[in-house]
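Let's take a walk through this structure together.

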2 protein chains.
Amino acid sequence: MSDTDFFCSRWVQAPEWVTAQTPGALPAGFRAAGVACGLKASGKLDLGLMVADGDVVTSAIRFTSSAVLAAPVVVTRDRVKAERIRVIAVNSGNANAATGGRGLDEAARMQGAAAMATGFSEDGIAVCSTGVIGVQLDGRKVVRGMLAAGHALGPGGEPAFAEAITTTDKFDKRASLTVLLSGGAVALTAQAKGAGMIQPRFATLLCFVQTDAVLDVPTADLLLGVCVKRSFDRISVDGQLSTNDTIVLQASGASGVPIDPESDDELRFGQALDALLRQLALLVVKDGEGSKRVGRVTVRGGNAGGVEAVARAVANSPLVKAALHGGDPNWGRIAQAIGAALHGGGAIAYDIAIEGVQVAVAGAGVGHDVAALAQLVAGDEVQYDIGLPGDGHETEVFFSDLSHEYVTINADYTT
Amino acid sequence: MSDTDFFCSRWVQAPEWVTAQTPGALPAGFRAAGVACGLKASGKLDLGLMVADGDVVTSAIRFTSSAVLAAPVVVTRDRVKAERIRVIAVNSGNANAATGGRGLDEAARMQGAAAMATGFSEDGIAVCSTGVIGVQLDGRKVVRGMLAAGHALGPGGEPAFAEAITTTDKFDKRASLTVLLSGGAVALTAQAKGAGMIQPRFATLLCFVQTDAVLDVPTADLLLGVCVKRSFDRISVDGQLSTNDTIVLQASGASGVPIDPESDDELRFGQALDALLRQLALLVVKDGEGSKRVGRVTVRGGNAGGVEAVARAVANSPLVKAALHGGDPNWGRIAQAIGAALHGGGAIAYDIAIEGVQVAVAGAGVGHDVAALAQLVAGDEVQYDIGLPGDGHETEVFFSDLSHEYVTINADYTT
């Protein structure tokens with residue numbers, strides 16, 4: 001896709017007041033950098049800094065819901081003012097997870113080094129790590145790299161920052177949007193990294209969002225919370241929950257364009273953020289380790305818990321995912337996933353349609369053009385619609401297929 | 001393995017009063033047959049009959065817990081006296097699942113044909129199907145095949161019966177045991193089929209067990225229930241729950257050797273059945289589609305729900321399973337699975353050992369000989385021990401690895 005074709009999925013509609021730009025420039029009031037500090041044996045960029053200058057910087061943050069938290073998540077959660085994050089210091093190549101007290105010390109040291117490198121106080125510095133779990137972070141490399149990154153900080157540092165946060169990612173997940181509001185245009189940019197270990201309940205790994213709009217703290221928190229629920233919360237590559245997931249929204253206020261609570265502008269900006277995060281989340285799914293197709297399952301029914309359970313069961317079923325990979329319209333596996341999600345009862349009168357072709361009604365298969373359906377499921381995106389008894393609840397999950405490459409990547413990651 | 005090496009896993013100890021024989025012979029009072037009726041395009045055997053004659057036939061049965069039940073499960077559950085199953089009529093090549101009212105009619109017709117073929121009444125005839133979901137069963141083929149199977153019934157029919165129940169199985173899962181009791185020797189035989197779609201909560205697909213012991217109905221039901229909980233309930237190939245899982249225990253009583261309730265003989269027979277079903281369950285895991293290694297995760301801790309959730313999360317984690325496949329001692333993924341299972345809290349002080357090598361203590365990695373561990377996890381069976389805070393609860397799950405072949409098999413099953 002070309003740089004401005006950011007909105008490439010049929011499942012995401014960008015509002016007309018949003019324009020995608022070529023990524024690379026940051027909103028006013030931001031500087032960034034990415035350097036190589038030696039954590040990645042390949043010598044690739046592995047350490048990034050993102051700094052919001054400005055006088056009225058606000059922020060919001062969300063973390064993984066795992067009970068096993070990486071050290072940087074603990075340090076950021078416990079020692080940072082979530083609403084005043086000035087600096088994001090991030091490394092790839094090592095997750096600093098399952099590293100005990102020494103890992104916490106290293107995360108704090110990383111935070112301190114970022115404070116030295118940027119001149120901001122530590123309670124405004126979020127630290128993030130991504131990479132292998134269970135290996136101690138080499139703090140000397142991090143400290144040295146942080147000082148180099150501090151020197152390299154600039155408004156043109158976004159590409160290096162975006163590269164420095166990646167691990168097994170195969171393509172960029174970043175965007176630069178212009179959002180037209182009543183007070184003028186604001187910039188909205190983001191960098192995400194994903195690939196494996198992407199899970200249903202808050203599944204971003206790392207995502208950083210910048211805007212030069214003037215956002216008050218409750219609005220930033222509200223908008224980030226709502227949009228994460230509709231994006232990174234609704235995707236699954238492999239049903240695995242990372243120990244390190246973190247998403248941060250920073251507003252520099254440098255444009256001087258305000259977004260007032262409960263205003264039309266809040267709605268317009270919120271829809272822009274929604275489209276941005278949904279498309280980024282879909283890119284994370286698309287870049288799922290070894291993925292070649294993206295599926296979307298929509299489930300409707302009268303029971304909220306059942307609707308959610310079925311959507312997750314279908315999206316995480318290795319049988320459904322392998323069939324998606326093969327372009328095989330094997331809807332019996334969807335029936336299987338429905339039954340497993342709702343197990344323990346009588347017969348369920350479910351309906352299933354794939355790409356608009358009805359394949360099952362009231363729990364039984366119905367005649368359909370198998371060859372035509374096989375053609376439809378060979379595309380890049382495949383839509384599954386499931387109806388359960390009753391009305392009133394609806395949900396969706398986006399998921400990647402299960403490929404040989406996933407196995408190759410994950411059978412031999414550490415050795 | 002040779003025929004009498006049935007107990008091949010280090011995780012199953014056969015009691016000394018149990019001897020494995022070359023499979024093929026049925027216990028006294030049983031006849032079986034397997035024929036090809038054309039459901040499998042390959043022309044392989046696809047229809048089996050197992051008949052218990054004798055005057056004091058007793059039985060017990062367990063079904064899948066899926067909410068989407070195959071037609072034969074519904075018919076057997078609703079129309080058969082579970083404690084007096086004379087005949088098992090089974091087909092492979094078609095699951096008769098998600099087939100609606102017509103599927104129920106076909107399952108009943110299959111039952112009726114088995115009644116005609118064997119001379120027993122329909123309420124003593126269990127019907128089972130396995131194969132593709134969502135395709136109508138061709139009842140004419142089944143009826144014709146059933147009559148042929150009825151003519152073929154004999155005490156030497158076990159091998160053909162065992163073959164007729166298989167789908168993607170790569171090797172036999174059957175056994176012939178002699179169990180020494182105080183009143184003499186009894187025979188205990190079984191045939192199972194598995195491969196894909198094998199799930200945590202009752203995961204056998206199909207398993208049929210025969211004995212010539214004299215078993216009263218409550219004892220048969222109790223022993224089957226307990227032993228299933230320790231075997232087929234504790235395995236996972238791919239976390240998928242079949243619509244068709246059925247296990248039947250039949251006792252002909254033809255040996256005249258009684259197993260009295262709460263006697264030493266009940267214990268001895270129960271331990272024999274336990275070892276039989278655990279080894280069969282392990283063979284099902286070992287034959288998991290594409291599997292080359294079997295893992296066993298044991299979890300101990302103070303919270304029963306947490307212990308169970310962690311064991312399931314580890315056994316079903318595609319990351320852990322891919323690492324098992326690759327012989328990669330990537331214990332960080334186990335930490336990830338622990339966190340995901342218990343998500344939503346503070347830090348968990350978990351311990352992890354792999355093949356007896358401690359790799360994490362109190363939530364942090366500890367030094368170990370990585371090269372030696374890599375050697376240990378390259379074997380056929382890999383043991384994972386996880387400790388959670390507290391005491392008093394312990395569970396285990398056996399699981400297969402995730403391989404390229406699993407993807408190959410499942411990406412293109414129906415087309």
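Which residues in α8(A) meet which residues in α9(A)? On the α8(A) side they are A:Leu319, A:Val320 and A:Ala323, and on the α9(A) side they are A:Arg333, A:Ile334, A:Gln336 and A:Ala337. Please bear in mind that you are looking at a predicted model. Sorted by class, the contact of α8(A) with α9(A) has 5 nonpolar, 1 polar and 1 charged residues.

Now step back to see how these two helices are arranged. Helix α8 of chain A covers residues 318-326 and helix α9 of chain A covers residues 332-341; their axes come within 9 Å and cross at roughly 160°. An angle over 145 degrees counts as roughly antiparallel, so α8(A) is roughly antiparallel to α9(A). The crossing in which α8(A) passes α9(A) is left-handed.

When α7(B) passes α9(B), the crossing is right-handed. From α7(B), the residues B:Ala309, B:Val310, B:Ala313 and B:Val314 meet B:Ile334, B:Ala337, B:Ile338, B:Ala340 and B:Ala341 of α9(B). By class, this contact of α7(B) with α9(B) has 9 nonpolar residues, with no polar and no charged ones.

Let's return to chain A and look at its domains. Chain A is divided into domain 1, spanning 18-286, and domain 2, spanning 294-411. Taken over C-alpha atoms, the centres of these two domains of chain A are separated by 33 Å.

Next, find the open sheet of chain A, in which 4 strands follow the order β2-β3-β5-β6 with mixed pairing. At its edges are β2 (30-35) and β6 (125-130) of chain A, each of which pairs on one side only. Ignoring direction, neighbouring strands of this sheet are turned by 10° against each other on average. Within the sheet, strand β3 (residues 47-52) and strand β5 (residues 87-92) of chain A pair in the antiparallel sense, over 5 bridges. To see this pairing in the view, look for A:Val51, which stands opposite A:Val87 in β5(A).

Two helices lie across this set of strands. Helix α2 (residues 100-118) of chain A lies across β3, β5 and β6 of chain A, and runs at about 125° to β6(A). Helix α3 (residues 139-152) of chain A lies across β2, β3 and β5 of chain A, running at about 45° to β3(A).

Chain B brings us to the last stop, an open sheet with 6 strands in the order β1-β7-β8-β9-β12-β4 and mixed pairing. Because β1 (18-21) and β4 (58-63) of chain B each have a single partner strand, one side of each is left without a neighbour in the sheet. Neighbouring strands here are turned by 15° against each other on average, direction ignored. Strands β7 (residues 174-181) and β8 (residues 184-193) of chain B run antiparallel and are joined by 8 bridges. Along this pair, B:Thr178 stands opposite B:Ala187 in β8(B). Helix α5 (residues 217-229) of chain B packs on the sheet, where it touches β4 and β12 (246-251) of chain B, and its direction makes about 35° with that of β4(B).

Definitions and conventions: Residues are numbered from 1 along each chain as its sequence is written. Chains are lettered from A and ligands numbered from 1 in the order in which they are written. This is a predicted model: local features need pLDDT of at least 70, side-chain atom pairs count only at pLDDT 80 or more; totals for chains, interfaces and linings use all residues. Two strands pair if DSSP finds at least two bridges between them. Axes are lines fitted to C-alpha atoms, for helices over the stretch in contact, and angles run from 0 to 180 degrees between N-to-C directions. Two residues are in contact if their C-beta atoms, placed from the backbone, lie within 7 Å. Angles under 35 degrees count as roughly parallel, over 145 as roughly antiparallel, 65 to 115 as roughly perpendicular and the rest as oblique. A crossing is left-handed if the near helix is turned anticlockwise from the far one by less than a right angle, and right-handed if clockwise. Ala, Val, Leu, Ile, Met, Phe, Trp, Tyr, Cys and Pro count as nonpolar, Asp, Glu, Lys and Arg as charged, and the others, Gly among them, as polar. Domain bounds come from an automatic or database domain assignment.
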